[in-house]
Amino acid sequence: ASSRDLAGRTVLVTAGGTREPLDPVRFIGNRSSGKQGVAVASAAAARGASVVLIGANLEVSAPAGVRLVEVGTTLELQTAVEAEATAADLVVMAAAVADYRPAETAQSKIKKRSDSSTLELRLEENPDILRGLSHNRSRDQLIVGFAAETEPDDDALLQLGRAKVARKGCDFLVLNRVGWTEGFASDRNTVVVIDKAGDRVGEASGSKLSVAHRILDLVFAAR
Ligand code: C5P
């Protein structure tokens, strides 16, 4: 983590977790705080990059010196990413994106029913933003995905990461373990970075800011 080595580069980072509305007061969401993505934005800005941060329901404030675009749902995130990505030399997709959204959003609060003790929700698939971005990129740019998984052992995590990086078509995938107590909301993180061939290119453990710097070191070393 050094100097202004990213001066002249444009970096787009997504962070946080999308929320998919069920009705005006409820949503399906996830426990991503946005801390790791915000740390990547902060590290890139400190190193001189021009940074756009697309924040989905961030629980932390955006760092000074980055342009923040706020979104709520996956479809809003997609629109924002598509608008900002072409200008970016590096795209880091750290946001936890909902794979599904409610097939219908009720216009008024869904009422509790007295005739049934169960309620079924029908969900519809969301677009895979990272996959679309990787496969349709118009220019030479680096695209980094994240994968937060609950696999307990390293081999299983790595195997899952290899399949995912191939499916998504991104240049690098940052793998980390999440669970009831790990990953989300924590100020620390442990990650493994693999490249598009599925080879392990490095790992990092420590504060989310130090992990962010290490990720930038690893991906720009490929340039
Ligand atoms: O498939 P999975 O959700 O584990 O993939 C995680 C990566 O893909 C993250 O980089 C996330 O931002 C991205 N993603 C996406 N669109 C989705 C789901 C995930 O861009 N619908």
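At 44% relative accessibility, Asp199 counts as partly exposed, because the class runs between buried, under 20% relative accessible area, and exposed, over 50%, with a 1.4 Å probe and protein chains only. This is a predicted model, in which local features need pLDDT of at least 70 and side-chain atom pairs count only at pLDDT 80 or more, while totals for chains, interfaces and linings use all residues. Residues are numbered from 1 along each chain as its sequence is written, and side-chain values use heavy atoms, with hydrogens and water left out.

Asp199 belongs to the loop between β11 (188-195) and β12 (200-207). Labels of this kind come from DSSP runs numbered from the N terminus: helices are H or I runs of at least four residues, and strands are E runs of at least two. Along the chain, Asp199 and Phe172 are 27 residues apart, and their C-alpha atoms are separated by 9.6 Å.

Two residues of another loop can be taken together. Asn57 is in the loop between β4 (50-56) and β5 (67-71), and Ser61 lies in the loop between β4 and β5 as well. Asn57 is partly exposed, at 23% relative accessibility. Ser61, with a relative accessible area of 64%, is exposed. The backbone of Asn57 has a phi near 55°, which is a positive value in a residue other than glycine. From Ser61 to Glu84 there are 23 residues along the chain, and the C-alpha atoms of the two are separated by 20 Å.

The next residues are buried. Ala43 is placed in helix α1 (residues 35-46), and its relative accessibility is 0%. Ala43 and Ala212 are 169 residues apart in sequence, yet their C-alpha atoms are 6.3 Å apart in space. Thr18 lies in the loop between β1 (10-16) and β2 (20-23). The side chain of Thr18 makes a polar contact with the side chain of Thr74, at 3.2 Å. A polar contact here is a pair of N or O atoms within 3.5 Å; within protein, one must be able to donate a hydrogen and the other to accept it, and residues adjacent in sequence count only if both atoms are side-chain atoms.

Arg101 is in strand β7 (residues 100-102). With a relative accessible area of 19%, Arg101 is buried. What does the side chain of Arg101 contact? Its partner is the side chain of Asn126, in a polar contact of 2.6 Å. A polar atom of the Arg101 side chain also lies 3.3 Å from the backbone oxygen of Glu125.

The side chain of Asp128 makes a polar contact of 2.7 Å with the side chain of Lys168. Lys168 in turn has an N or O atom in its side chain 3.0 Å from an oxygen atom of the ligand.

Where does the ligand sit? It sits in the largest pocket. The elements that give two or more residues to the shell around the ligand are α3 (129-135), β9 (142-149) and α4 (154-168). The largest share, 3 residues, comes from β9. Of the 14 residues around the ligand, Met93, Ala95, Pro127, Leu130 and Lys164 come nearest; a residue is near a molecule if one of its heavy atoms lies within 4 Å of it.

By type, the shell residues divide into 8 nonpolar, 1 polar and 5 charged. In this scheme Ala, Val, Leu, Ile, Met, Phe, Trp, Tyr, Cys and Pro count as nonpolar, Asp, Glu, Lys and Arg as charged, and the others, Gly among them, as polar.

The backbone takes part too. An oxygen atom of the ligand is 2.7 Å from a polar backbone atom of Met93, and an oxygen atom of the ligand is also 2.7 Å from a polar backbone atom of Ala95. Taken alone the ligand exposes 460 Å², and the protein buries 90% of that.

How values were computed:
Areas by Shrake-Rupley, 256 points an atom, 1.4 Å probe, with all protein chains shown as cover. 1 Å grid on protein atoms, 1.4 Å probe; cavity = no way out; pocket = protein on both sides within 12 Å on 5 of 7 lines; lining within 4 Å. Sits in = over half its atoms within 2 Å of the grid points.
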